[in-house]
Amino acid sequence: MCGIVGYVGRQQAAPIILEGLRRLEYRGYDSAGISVVAGDRLETRKRKGKIGEGLSPLLAELPLPGEVGIGHTRWATHGPPSDSNSHPHADQTGRIALVHNGVIENYDRLKQKLVQAGHVFASATDTEVLAHLVGLEYERLKQAGDTARPLLPKAVEAALREVIGTYGIAAICAEEPGVIVGARRGSPLIVGLGAGENFLASDATAMVAHTRQVVYLNDYDVVTLTQDNFHVTNLGSQTAKVQISQIEFGVEDAERGAFPHYMLKEIFEQPVTIENALRGRLDHDEATAKFGGLNMTAAELRAVDRIVIAACGTSWHAGLVGEHIIEDFAHIPVEVEYASEFRYRNPPLDKHTLVLVITQSGETADTLAALREARRRGHKVLALCNVVGSTIAREADGGIYLHAGPEIGVASTKAFTSQVTVLALFGLFMGRLRVMAPSRGATVVNALERIPDQVRAVLQLNDEIRRLAAKYASRRDFYFLGRQINFPVALEGALKLKEISYIHAEGYPAAEMKHGPIALMDPESPCVIVVPKGFLYEKSLSNLEEVRARGTPVIALASEGDRHVATKANDVLYVPETPDFAFPLLGIIPLQLLAYHIAVLRGCDVDKPRNLAKSVTVE
């Protein structure tokens, strides 16, 4: 979570940093701040609230001149949102400023030691403790007569050796005005390389307007940036692996364009992002899928007799869809685990178990920990990931990129459908390696090729869904029901609604409704039920009837041409007919739009919902 931006060069730093922070605000918007080196001193501006309401007006009133600076947009962990808890934080002397993503787990013990030494703290954050620790080490180096310059990298390294926890940090010092020092452990940090200027950020979107050349730092890396150079060491040694990469998207991909919100833009991008996920991966001749980055032989893949999927949030819902597809297509048992639980359990995994991790950002802390635990135990780990160069993409044994482009809206939309698309491709691939007949493989290939145009057709429901949203926007509770592969659709529909509209919403397997949830059904609580034609259609209609019998308003999500369901539901949203395995790709689109329009009508900030941030990089 949170966002870091740093700049060192020949231009004024504050405007560049402010622009980068605006692009990273989806990672945290409790507060924001900037520090620059102004002559022989530090100047800081920080303010509680969103950038447009706090920091930006403050900078207009009190500009920050200077060519070196760091900035931060915060999602609160230690200490509530406030001006004093905003980053950057200064050390005891006021000569060093530091911004930080992550959690310092032993900050309380360190703080007590510093207080006993006479340090005075102005905030309730763990970050200020780290800033004071860096300042203390800096003063020790000066007093020891260390003549090597700059001293700041050494001070940062010494401080970090006392730290337990996760961090992505950037620091500047008034006594070394041409230097930024960054370091990471468990929280992403990227160096951007320019001509006569260099950048530091927690996300490539912050710097893509200025450079496409980047270096993704590894855990325990410490980087020293000047306007003309950069140098990377590692806390464990004086050498570090450095690879210059290219950002694969442009600045226009991270803009809203003509859309009022990023979320709506990303919903409407899904025909293209699904096409991108499919491009070059369908093999008509062999009726299968093909991948270039699995890094496993056909023999190794055929030997897999169990798959464990680890993911969080929306990615976990995609994994549930993948469970149904892979078990159906390949006859391999699949279990879907919350990554946050998997990392602390001791599940029995035999030697032929393949672990599959799913993540949009490639930086989700729990998913990364699950990957590392699985690899520690000797298992192959494949990653489904959207962000090229992310930590999970680099640490997995192999994987499949989503190619969905940057997803800025906090509530994930296009990443979900891209993940499900890639899972369908993977299921097809594994199925054809094992038990799937060519004729069925060809049917799956043809169905997948039709999906982008079918999604375009579903998006034509936008105006109808807006009118439906107006009918139900004032309700306080919603229920979502689905069976088998459409139960995850119900879960994801409920998650989208609760995330951005703050309406209580729950998803259930439709047949489980009678085992408790039906007690909550009443005329004030709408129920969305997924009832496509196909397997279990009649059973789903029976569940619909049971809900209606309690006076509950029913919104049915049904297949085109199903007029029978219209006689039973209060409202019906129709999507094109498609095989069971592909319905989640179409069925989720109306639920994303419903959540979006309800949130807009309720006056909610769709792209920046309260208490949430885009990438969960802390526990």
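**Entry on S82.** I looked up S82 and found that it is buried, with a relative accessible area of 17%, which falls under the 20% cut-off for that class. I note before going further that the model is predicted. As for where S82 sits, I located it in the loop between β4 (68-74) and β5 (89-90). Leaving aside residues up to four places away in sequence, I listed what S82 touches and found S31 and K48. I also took the distance from S82 to K290, a residue 208 places away along the chain, and their C-alpha atoms are separated by 51 Å.

**Entry on the protein overall.** Along the principal axes, I find that the C-alpha trace spans about 85 × 55 × 45 Å. When I turned to burial, I noted that buried residues make up 62% of the 619 residues. Of the contacts with a separation of 6 or more, 72% are accounted for by residues 24 or more positions apart.

How many residues of strand β20 (residues 381-385) are buried? I counted five of its five residues as buried, and I therefore describe the strand, in the words of my tally, as mostly covered. In a regular strand the side chains alternate between the two faces of the sheet. Checking the directions here, I saw V381, A383 and C385 pointing one way from β20 and L382 and L384 the other way, and all of them are buried. The partner I looked up is strand β19 (residues 353-359), which runs parallel to β20 and is joined to it by five bridges. Within this pairing, I noted that T359 stands opposite C385 in β20.

**Entry on β22 and β23.** I next examined strand β22 (residues 477-482), where five of the six residues are buried, so that the strand is largely enclosed by the rest of the structure. Which strand is joined to β22 by six bridges? I found strand β23 (residues 504-509), and the two run parallel. Across this pair, L481 stands opposite Y508 in β23.

Technical notes
Residues are numbered from 1 along each chain as its sequence is written. This is a predicted model: local features need pLDDT of at least 70, side-chain atom pairs count only at pLDDT 80 or more; totals for chains, interfaces and linings use all residues. Side-chain values use heavy atoms; hydrogens and water are left out. Buried means under 20% relative accessible area, exposed over 50%, partly exposed in between (1.4 Å probe, protein chains only). Contact means heavy atoms within 4.5 Å. Helices (H or I, at least four residues) and strands (E, at least two) are DSSP runs, numbered from the N terminus. Two strands pair if DSSP finds at least two bridges between them.
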